[in-house]
Amino acid sequence: MGQIPRVLSIAGSASQGSAGIQADLKTFQEFDVYGMSAITALVANNKRTEQGIFTQPLSSVEAQIYASLEHVGVDALKTGMLFTEEIIKRTAEIIGESQMENVVVDPVMVGKMGSQLLKDEAVETLMNELLPLAKIITPNLQEAAHMLGIPVPETPEDMKAAARDLYHLGPDYVLIKGGALKDYPAVDMLYDGSGMIELESERVQTIHTSGAGCTYSAAITAELAKGNEVEEAVRRAKSFVTTAIQHALSFDRGIGSTYHAAHRLRK
C-alpha cells in the first residue's frame with residue numbers, strides 16, 4: 001500500500017477528553033493510523049450551563065464525512081454516538097454509497113453516567129439501516145438488551161444467546177462486551193454466525209473506565225484498516241483497552257478516563 005492506513009470516526013465530541021472523538025483520535029494515534037473525524041454532537045455536560053448536548057446540523061455531519069472521503073480516503077470507519085434518526089439515516093446512506101467494507105458500529109446508547117446518548121426513535125433506524133452495513137458491531141450488555149428488547153444479560157450464556165440474536169440483524173460479526181457482568185471475569189463474546197469465541201481478561205477493579213467502549217471499537221477499526229482479520233483485530237484491541245483500564249487516570253472528580261498511552265508506556 002505504501003501509505004498509512006486511514007480511519008474515520010463518525011461520533012460525538014466528548015469535551016472532557018475521555019470518550020467519543022477524543023478517545024478515538026488518541027487511540028488511532030497509538031495504533032499508528034491516520035485518524036479523521038466527523039462530529040455528530042458536542043457532549044459537554046456540566047453544572048454551570050443548562051445545556052450539555054449540542055447536536056450538529058445534518059449538513060455539517062455530511063460535509064465532514066465527505067471531506068474525509070474526498071481529501072484523504074478511508075480504509076476503515078467507525079460510528080459512535082450518532083444521536084438522531086436523521087444523522088443515522090444519512091450516515092448509513094453515505095456508507096452504503098461508498099461501498100466501505102470495514103465498518104465498525106458501536107451502537108452508543110447510554111453513557112457511563114447513565115445519560116441517554118441515542119434518542120428512542122433512532123434505535124430502530126440504527127438497527128434497520130446501519131447494522132446490516134457493519135463488519136462488526138460492539139454493543140455492551142445494556143445496548144444489546146435495549147436493541148433486542150430483553151433483560152440485560154447476567155451470565156456468559158445470556159451473552160451468547162444475545163450475540164446469536166443480534167447476528168440476525170445483519171452484521172458480519174457481533175462482539176458483546178461483558179465489562180459490566182457481575183461475579184464473572186471481563187469476558188466478551190465474538191460471534192460470526194457459526195463459531196462463538198470467548199475473550200476473557202482479568203476484571204480490573206476501578207470505576208475509572210470512561211471511554212473504554214469508544215477506545216475498544218476505535219482500536220478494532222485501526223486494526224481492520226491495517227488489513228487484519230476481525231478476530232485478530234478484536235484480540236489486539238482488547239489487550240489495548242485492558243491495559244488502558246489497568247492504568248486509568250483519575251482526576252479526583254468522579255469517573256476518570258482510560259489511559260490511551262498505557263499500552264505503549266507500560267509494555
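Strands β1 and β4 pair in the parallel sense over four bridges, where strands are DSSP runs of E with at least two residues, helices are runs of H or I with at least four, and both are numbered from the N terminus; two strands are said to pair if DSSP finds at least two bridges between them. The model is a predicted one, in which local features need pLDDT of at least 70 and side-chain atom pairs count only at pLDDT 80 or more, while totals for chains, interfaces and linings use all residues. Residues are numbered from 1 along each chain as its sequence is written, and side-chain values use heavy atoms, with hydrogens and water left out.

### Around β4

Together, β4, α3 and β5 make a right-handed β-α-β unit; a crossover is called right-handed if, with the strands pointing away from the viewer, the path from the first strand over the helix to the second runs clockwise.

Both faces of β4 are covered, with A76 and K78 buried on one side and L77 and T79 buried on the other; buried means under 20% relative accessible area, exposed means over 50%, and partly exposed lies in between, with a 1.4 Å probe and protein chains only. In helix α4, which spans residues 120-130, the buried residues include A122, V123, T125, L126, M127 and L130. The cover over the buried residues of α4 includes β4, α3 (85-98), β5 (103-105) and α5.

### Salt bridges

A salt bridge is taken here as a side-chain nitrogen of Lys or Arg within 4 Å of a carboxyl oxygen of Asp or Glu, and by this rule the count comes to 14 salt bridges.

| Residues | N to O distance |
|---|---|
| R6 and D75 | 2.8 Å |
| R236 and E223 | 3.3 Å |
| E232 and R236 | 2.6 Å |

R6 forms its salt bridge with D75. Because R6 lies in strand β1 (residues 6-14) and D75 in the loop between α2 (58-71) and β4 (76-79), the pair ties together parts that are 69 residues apart in sequence. Both R6 and D75 are buried.

The salt bridge of R236 with E223 joins two helices: R236 lies in α8 (residues 230-246) and E223 in α7, so the pair ties together parts that are 13 residues apart in sequence. Helix α7, in which E223 is found, covers residues 212-225. Leaving aside neighbours within four places in sequence, E223 is in contact (heavy atoms within 4.5 Å) with F31, N228, A233 and R236.

R236 also meets E232 in a salt bridge. E232 and R236 are four residues apart in helix α8 and are thus separated by about one helical turn, and E232, at 32% relative accessibility, counts as partly exposed. Which residues does the salt-bridge network link? E223, K226, E232 and R236 are linked in this network.

### Aromatic rings and a nearby loop

Rings of Phe, Tyr and Trp (its six-membered ring) pair if their centres lie within 6.5 Å, with planes under 30 degrees apart counting as stacked, over 60 as edge-to-face and the rest as tilted; a search of the whole structure finds two aromatic pairs. One of them joins Y167 and Y191, whose ring centres are 5.5 Å apart and whose planes stand at 80°, so the pair is edge-to-face. Since Y167 lies in helix α6 (residues 156-167) and Y191 in strand β8 (residues 186-191), the pair ties together parts that are 24 residues apart in sequence. Y167 counts as partly exposed at 27% relative accessibility, while Y191 is buried, with a relative accessible area of 10%.

R164 lies over the face of Y191, at 5.9 Å from the ring centre; a charge sits over a ring if NZ of Lys or CZ of Arg is within 6 Å of the ring centre and within 35 degrees of the ring normal.

I150 is placed in the loop between α5 (141-148) and α6 and counts as partly exposed at 33% relative accessibility. Not counting residues up to four places away in sequence, I150 touches A145 and A162. The C-alpha atoms of I150 and A162 are separated by 8.7 Å, the two residues being 12 residues apart along the chain.
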